[in-house]
Amino acid sequence: MAPIFQYQQSTPKTIQCLVEKALAKTTKLEREELILVGASRTDTGVHAWGQVAHFITPFNYDRLDSIHAALNGVLPSDIRVRELSPALPEFHARFSSTGKIYHYKIYNDIIMDPFQRRWAYHSTYRLNAAAMREGARYFVGQHDFTSFVNASNSDHPRSPVKHIIRFDVIELGALIQLEVEGSGFLYRQVRNMVALLLQIGKEAVPPDIVPMVLAARDRKELAKYTVGAPPHGLCLMSVKYNEELLEPPSGCRATSFGRHHTISKCKLPFY
């Protein structure tokens with residue numbers, strides 16, 4: 001399954017490919033000049049409310065709201081640029097990131113809410129949220145997540161040691177929302193953690209299976225108990241950066257949140 005925020009000349013087109021084409025059309029620059037970089041390479045089927053990307057132009061814009069409106073005017077209706085902001089030269093969407101927040105939604109009822117079907121995984125089995133909450137606590141802290149990473153085609157192997165800041169299990173009626181914040185995540189790590197918590201919620205395995213699987217440092221150990229959770233329940237909610245990197249360069253134009261909402265300092269609610 002191809003990463004959705006990565007340039008690929010394929011069908012269906014990736015998000016990065018479509019955004020680059022929209023940028024090229026509105027800026028009159030080639031993609032090689034724009035050098036668009038996303039903060040996270042989300043898989044096909046995974047949603048992103050808080051994806052961050054940067055691109056380069058050889059000139060400054062007098063008004064960002066004009067190019068913002070133009071970009072959203074040429075993008076497909078299911079892709080939108082929520083904010084457009086000038087950035088410091090040292091800002092890098094991927095390498096400047098200090099952390100990410102993901103949400104995974106589970107609709108836990110016999111009948112699926114049709115309005116949730118694209119954004120939440122449907123579990124008809126009554127889940128034990130308290131047991132899931134107990135299991136999630138074992139993920140918090142610094143661990144080697146080798147058991148929870150799938151093999152990828154990346155040319156740059158990443159350290160399997162990651163720090164999970166929080167992993168909350170929140171009940172919202174029939175909806176169970178898993179919220180995980182960490183310093184960074186490996187390929188399919190979040191979906192694999194969620195998959196094990198689902199088995200804990202079904203009471204197929206106890207909560208203390210989590211440290212046992214972590215300690216094994218072997219993906220085959222997790223495979224004894226579960227397969228990865230489906231992608232459509234997962235959403236990248238926020239990418240975190242140090243505040244000083246979000247300060248606009250001196251003399252820059254105002255950040256654009258759209259035609260009718262413009263402020264002078266970048267301040268997304270998720271930051």
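Student: Which residues is Tyr102 in contact with, leaving aside its neighbours within four places in sequence?
Tutor: Tyr102 is in contact with Ser40, Leu178, Glu179, Val180, Phe185, Val190, Leu234, Cys235, Leu236 and Met237. Contact here means heavy atoms within 4.5 Å. Before we go on: this is a predicted model, where local features need pLDDT of at least 70, side-chain atom pairs count only at pLDDT 80 or more, and totals for chains, interfaces and linings use all residues. Residues are numbered from 1 along each chain as its sequence is written, and side-chain values use heavy atoms, with hydrogens and water left out.
Student: Thanks! Where does Tyr102 lie?
Tutor: Tyr102 is part of strand E4, residues 99-108. Helices (H or I, at least four residues) and strands (E, at least two) are DSSP runs, numbered from the N terminus.
Student: And is Tyr102 buried or exposed?
Tutor: Tyr102 counts as buried because its relative accessibility is 8%. Buried means under 20% relative accessible area, exposed over 50%, and partly exposed in between, with a 1.4 Å probe and protein chains only.
Student: Which side chain does the side chain of Tyr102 make a polar contact with?
Tutor: That of Ser40, at 3.0 Å. A polar contact is a pair of N or O atoms within 3.5 Å; within protein, one must be able to donate a hydrogen and the other to accept it, and residues adjacent in sequence count only if both atoms are side-chain atoms.
Student: What does UniProt say about Tyr102?
Tutor: An unreviewed UniProt entry has the annotation "binding site" covering Tyr102. UniProt positions are given in the numbering used here, feature names are shortened, and annotations may be inferred rather than shown by experiment.
Student: New topic: which residue does UniProt list for "active site"?
Tutor: Asp43, again from an unreviewed entry. Asp43 sits in the loop between strand E1 (37-38) and strand E2 (47-48).
Student: Why does Asp43 count as buried?
Tutor: Because its relative accessibility is 6%. The side chain of Asp43 also makes a polar contact with the side chain of Arg188, at 2.7 Å.
Student: Okay, what about Glu181? Where is its place?
Tutor: Glu181 is in strand E8, residues 175-182. At 11% relative accessibility, Glu181 counts as buried. Not counting residues up to four places away in sequence, Glu181 touches Lys100, Ile101, His163, Ile164, Ile165, Arg166 and Lys240.
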